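Q: Could you walk me through this model, one feature at a time? I would like the general idea, then the case at hand.

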Amino acid sequence: MTIFSASSTAPVNIATLKYWGKRDKLLNLPTNSSISVTLSQNDLRTLTTASCSADFDSDKLWLNGKLESLESVRSQACLADLRGLREKVEAKDESLPKLSQYKLHIVSENNFPTAAGLASSAAGFAALVSAIAKLYKLPEDMSELSKIARKGSGSACRSLFGGFVAWEMGDLENGEDSKAVEVAPLSHWPTMKAAILVVSDDKKDTPSTSGMQQTVATSDLFQHRITEVVPKRFEEMKKAILAKDFEKFAELTMKDSNSFHAVCLDSYPPIFYLNDTSKQVIKLIHRLNEQEGKTIAAYTFDAGPNAVIYYDEINEKKVLGLIYNYFSQVAGWEKYSKDVSTLDKIEVQGTNPDIYKGVSKVILTSIGNGPQETTDSLINDQGLPKSG
Ligand SMILES: Nc1ncnc2c1ncn2[C@@H]1O[C@H](COP(=O)(O)OP(=O)(O)OP(=O)(O)O)[C@@H](O)[C@H]1O
Ligand SMILES: C[C@@](O)(CCOP(=O)(O)OP(=O)(O)O)CC(=O)O
């Protein structure tokens, strides 16, 4: 059996300026531009192998060892676009195998929990698009491919780049100008770090897609957010990143997380993503910054209670010192590359000593690169998952 195959990894990204609201649900066109930081694939990554063969009889996806449906409109849109681009390549060179006509077998593994509010869909669709683009030898650049990943899951478009990434909302109806672009590469600010506090609550209040629809349809505050707040913040945040101005970047990040959760609360019926632990973490970070007399840490929360705390390595002893002080009992510190005893023991007044009980895991990570081609393959010579 002749099997063609290619593999790619892709990262998770966590927005610092949130995407919340669609103007077109089918094409995943947003009501505002957004910005994110790509996280290191050493800690959170998807690895996907895409293969195709004249002998395969249907498109299949195995995710973490289990057969998953590819029937969703979103997955179908991605596959159709990628096949369309391959057809163009084949039309230019008759000698090429007609891979666009073959069925695909895709095998994917996330090295972190799937559907637990850790942006697995973003890394997942970015890896799927990257691996198939490589298999098809597509000439398109990452911004072009980001438009395809966007159709899988909006935030996935930003996982096509490393470093700091903007998703420009665009204004065309067909979405051709709604794409991800690099704001600055990892090398611009490699000391940007992230500590993720995985809050022990694996049930999502409302899935992102329906939550957004509810907000767009019912929140008055939302109109103010998309017309007044975000456009200004988008420019300011890009400027802060380019100037490596952590204090400004952090202030904008925290304000935008709060603004996003405010429009969720202003939806009718309201949507709650933050729980008590999330709120205690917010207070903890504000108190730390107050105590230090400067902003050295920034929190942000997506559509769930997990906290992502950004800080610059220069303040690691303090920021991780604070987190270690309150969350040392939680799993994850064994992966810390340095000695925890070198961290400052930072305490802030009024913190509930039981705060650690609401957190199941700490993930210590940093800013990272975009998708990487790899020779690691998850598919055997029968076109089936190696592990299964
Ligand atoms: N490696 C992957 N390849 C293809 N699809 C994936 C992959 N990983 C996740 N997905 C898709 O994304 C879905 C999970 O998306 P969901 O939005 O529920 O969770 P999440 O992305 O982890 O959380 P959040 O969006 O809140 O950060 C999975 O059910 C699957 O359909
Ligand atoms: C709160 C967010 O994480 C929302 C992400 O939403 P998704 O990208 O998961 O939504 P769909 O486009 O419907 O798949 C903010 C962000 O990542 O910008």
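Q: Does Lys-244 count as buried, partly exposed or exposed, and at what relative accessibility?
A: Buried means under 20% relative accessible area, exposed over 50%, and partly exposed in between (1.4 Å probe, protein chains only). Lys-244 has 43% relative accessibility, so Lys-244 counts as partly exposed. A note on conventions: this is a predicted model, where local features need pLDDT of at least 70, side-chain atom pairs count only at pLDDT 80 or more, and totals for chains, interfaces and linings use all residues. Residues are numbered from 1 along each chain as its sequence is written, chains are lettered from A and ligands numbered from 1 in the order written, and side-chain values use heavy atoms, without hydrogens and water.

Q: Which residues does a cis peptide bond join?
A: The bond joins Tyr-268 and Pro-269, with omega about -5°. Pro-269 is in the loop between helix 6 (246-265) and helix 7 (276-292).

Q: How many residues does the largest nonpolar core have?
A: In soluble globular proteins, nonpolar side chains tend to be buried together. A nonpolar core is a set of buried Ala, Val, Leu, Ile, Met, Phe, Trp, Tyr and Cys residues joined through side-chain atoms within 4.5 Å. Here the largest one has 116 residues, and Phe-164, Phe-249 and Phe-327 have the most contacts inside it. Helix 2 (residues 120-135) gives the most to this core, 11 residues. Domain 1 (4-185) and domain 2 (192-366) both give residues, so this core lies between them. Those bounds come from an automatic or database domain assignment.

Q: How many residues of each domain are in contact?
A: Contact means heavy atoms within 4.5 Å. In this model, 30 residues of domain 1 contact 40 residues of domain 2. The domain centres, taken over C-alpha atoms, are 26 Å apart.

Q: Which polar side chain lies 2.6 Å from an oxygen atom of ligand 2?
A: A polar contact is a pair of N or O atoms within 3.5 Å. Ser-155 places a polar side-chain atom 2.6 Å from a ligand 2 oxygen. For Arg-158, the distance from a side-chain N or O atom to an oxygen of ligand 2 is 2.8 Å. For Arg-74 it is 2.9 Å.

How values were computed: Helices (H or I, at least four residues) and strands (E, at least two) are DSSP runs, numbered from the N terminus. A polar contact is a pair of N or O atoms within 3.5 Å; within protein, one must be able to donate a hydrogen and the other to accept it, and residues adjacent in sequence count only if both atoms are side-chain atoms.
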